[in-house]
Amino acid sequence: MTDTGIVNISSFNKLKKSKNIKIKAIIKNLSVFYSDKCAVDNVSMNINAREVTAMIGPSGCGKSTFIRCLNRMNDVIENCTVKGSILIDGYDIYHPKIDEVKLRSQIGMVFQKPNPFPKSIYDNVAYGPRLHGIATKKNDLDNIVEESLTKAGLFKEVKDRLNDTAIGLSGGQQQRLCIARTISISPSIILMDEPCSALDPIATAVIEELIENLKKSYTILIVTHNMQQAARVSEKTAFFHLGKLIEFGDTKTIFTNPREKQTLGYITGRYG
Amino acid sequence: MYVVIAILLFSFYGFYLGKKKSANLVSNKVSELHSTPIYHGYYIFLWCFVPSLIVLISWQVLDNYLIKSLVLNLVPGFETLDKGNINFVFEKIKTMATQETIDPFFYDEQLIPASKKYNWLTKISNITLFTVILSFLAIVLVYVKNKIQAEFTARVYVEKFIKTILFMCSVVAIFTTLGIVLSLLLESLRFFQSVSIFDFLFGTHWSPQIAIREDQVGSSGAFGSVPVLAGTLLITLIAMTVSVPVGLFSAIYLSDYAPRKVRTIMKPLLEILAGIPTVVYGFFAALTIGPFLRKFGESMGLDIVSESALAAGLVMGIMIIPFISSLSDDVINAVPQELKDGSYALGATKSETMVRVILPAALPGIIGSILLAVSRAIGETMIVVMAAGMSARLTANPFEAVTTVTVQIVTLLVGDQEFDNPKTLAAFALGLQLFLLTLFLNLFALKIVQKYREKYE
């Protein structure tokens, strides 16, 4: 992060050492309100680096709102207030001195509906690097585009038509393009808000495989409605209900031996 | 009058009948019908209403014409009357026939047989019309009623009828436009018979005088449209310089920067500008802005006349701001939130997102709004009549008085004019020129949009 807004770095380091794990983010007593409506209610959890953390729960349970807090996308929404704190690498991202625009360049996000810009495939991936002045020479930019597309597993399919419009790609390709666009500015965390909900099973499988590869270098938070998907791709799972974090733990435990009755009800489909 | 009431009564009765009968056919088990009862009702209603309305209207047109010719034959010395007098005589006959008391101005002994004939003919005509329509309605009711069966596809027919009505409405608009263009074209051709097209298009001298006597001084008018067209373009350019930035920036502010509360107040306020009559803008330009600019110019050492292109252009620019801001605001708002989110999530600021993502995606709509504004500016008349002056001078200096195509059309056609000399016909040529100008502008913009458009769906 920036060198301003250092908050609690010492306690963060202590925690990191004491637990002897690779903690990426600490969320503490996070609550989100839309006007008066409470969407996320007092959630605390730790996110490990280079792991996939899945958020599951019924629609409207606040899981999307929750991950949108991590790159402060909720700032865009009027009447939305966030309470509590989120530390990423020891920096309080809601500290007044933290610039949310800068923050978002470090924390990428992939959305539910593939949203490539109505530009060429090349320009889509080059958008972020150009914006932040990462690559000034044409050659460097070409390399970044190729590298990002390769990492997103899309380069082979589109290398002959980089200048075609991205809108002509299939849904699955568009979503992988969005992932390439996200990693083009090398964020440290990637947030995925139901990235496969608009895709068919084959495209979903491709994306899941991609997530498997990406987690070697990125910390990933994924919101999903698909329980099998959460079980397949994630190390940790968090179950949300009515804005509350009901249960959070190893994916294996959550899916085989959940502590809470509500969790069991949801994962076995006997919800409600 | 009675006929209309009869038609309406029959039609509504037909509607009721269709509804009732179809429901009774299946003893109110509506699911056994092909179409729900209300469609059977509409079906009969349309069969009663539409044809009788057509008969009624065409009857009125024809019978007026027929009666007139029949009656006028009875007028002594009819062959010697000219067109204006014929109409006057016919009015006389009508008044004599319909009024109980005798109006001395409209009374003429010679016309008594004609007025009697008029009375008789109208009566006959009305009775015939009434019988024809009533019998038609009766036949329709009996015949169409029998058509109603459980499997009768009334809904399909009604939908077809709706489609036809919609189609005809769009055709009306197209044919009206075609008619206008054609009349412009024909009158312009007449104009070009007396003035060469080359002189009109490239001549730099505009002074549309036509001599009344052969030996008058300056008897040959000059019809070079270049100074007039240049005036139009100059004022349009000034107007666009004001309205495009202001309109576009306010649209951007309203759609993406303004808090919702500000937006709900500001947008209607801006649209009020569009509701001010242009004549009000006109005297605002002529009485306030013009003198202000002259005084301002004096203090700066500039020579600005009271009726300047600048004053007219500025006020016109203000007038068309809402066209640009309101339409652009709508298209900017129509850009999906996902695209904006995608850009924000990559660490783009609001202005970066606006310039790189939203504006390219909204480009066709924005160009469209600007075009609409240009067309408005080119065609605007009142402001320039009042504030831009009349002198057809070829100049690019906005501080001078200029004249525009629309102003010239107005001055050519004001007052009693005969449409047989180049002076009045020139108005049509100017109109055609204006029309072609906006048409090509539209085509040009369409091409631009197709080339640079970033299509998001």
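Reader: Which loop does A:Asn226 lie in?

Author: A:Asn226 sits in the loop between β8 (219-223) and α9 (227-233) of chain A. Helices (H or I, at least four residues) and strands (E, at least two) are DSSP runs, numbered from the N terminus. Before we go on, this is a predicted model: local features need pLDDT of at least 70, side-chain atom pairs count only at pLDDT 80 or more, and totals for chains, interfaces and linings use all residues. Residues are numbered from 1 along each chain as its sequence is written, while chains are lettered from A and ligands numbered from 1 in the order in which they are written.

Reader: Backbone angles next! What is the phi of A:Asn42?

Author: A:Asn42 has a positive phi of about 50°, although it is not a glycine. A:Asn42 lies in strand β2 of chain A and is partly exposed, with 14 other C-beta atoms within 10 Å.

Reader: And what is phi near for A:Asp89?

Author: Phi of A:Asp89 is near 50°, again a positive value in a residue other than glycine. A:Asp89 belongs to the loop between β4 (80-88) and β5 (91-92) of chain A. A:Asp89 is partly exposed, with 17 other C-beta atoms within 10 Å.

Reader: Let's move to where the chains touch. How many residues of chain A are in contact with chain B?

Author: 23 residues of chain A are in contact with 18 residues of chain B. On the chain A side, the elements giving two or more residues are α3 (100-106), β6 (107-110) and α4 (121-131). The largest share of that side, four residues, comes from α3(A).

Reader: Nice. How is chain B divided?

Author: Chain B has domain 1 (2-152) and domain 2 (217-452), with bounds that come from an automatic or database domain assignment. The centres of these two domains of chain B, taken over C-alpha atoms, are 50 Å apart.

Reader: Which residues have the most contacts inside the largest nonpolar core?

Author: Those are B:Ala312, B:Val315 and B:Ile383, in a core of 150 residues. A nonpolar core is a set of buried Ala, Val, Leu, Ile, Met, Phe, Trp, Tyr and Cys residues joined through C-beta atoms within 7 Å. Helix α10 (residues 309-334) of chain B gives the most to this core, with 16 residues. Apart from it lies another core, of 15 residues, among them B:Phe10, B:Leu17, B:Tyr39 and B:Cys48.

Reader: Beyond its neighbours within four places in sequence, what is B:Ile383 in contact with?

Author: Its contacts include B:Thr278, B:Tyr281, B:Ala312 and B:Val315.

Reader: Helix packing now. At what angle do α11 and α12 of chain B pack?

Author: Helix α11 (residues 337-345) and helix α12 (residues 350-379) of chain B pack at an angle of about 160°, with their axes 10 Å apart. That makes α11(B) roughly antiparallel to α12(B). Axes are lines fitted to C-alpha atoms, for helices over the stretch in contact, and angles run from 0 to 180 degrees between N-to-C directions. Angles under 35 degrees count as roughly parallel, over 145 as roughly antiparallel, 65 to 115 as roughly perpendicular and the rest as oblique. Among the residues that meet are B:Leu339 and B:Tyr344 in α11(B), and B:Val357 and B:Ala361 in α12(B).

Reader: How far apart are the axes of α8(B) and α10(B)?

Author: Helix α8 (residues 260-275) of chain B and α10(B) have axes 7 Å apart and pack at an angle of about 135°. They are therefore oblique to each other.

Reader: Last one! At roughly what angle do α5 and α15 of chain B cross?

Author: Helix α5 (residues 154-194) and helix α15 (residues 422-452) of chain B cross at roughly 130°, and their axes come within 8 Å. α5(B) and α15(B) are therefore oblique to each other. Their contact includes B:Leu184 and B:Phe191 of α5(B), and B:Leu425 and B:Phe435 of α15(B).

Definitions and conventions: A residue is buried if 20 or more other C-beta atoms lie within 10 Å of its own, exposed if 12 or fewer, and partly exposed in between; C-beta atoms are placed from the backbone. Two residues are in contact if their C-beta atoms, placed from the backbone, lie within 7 Å.
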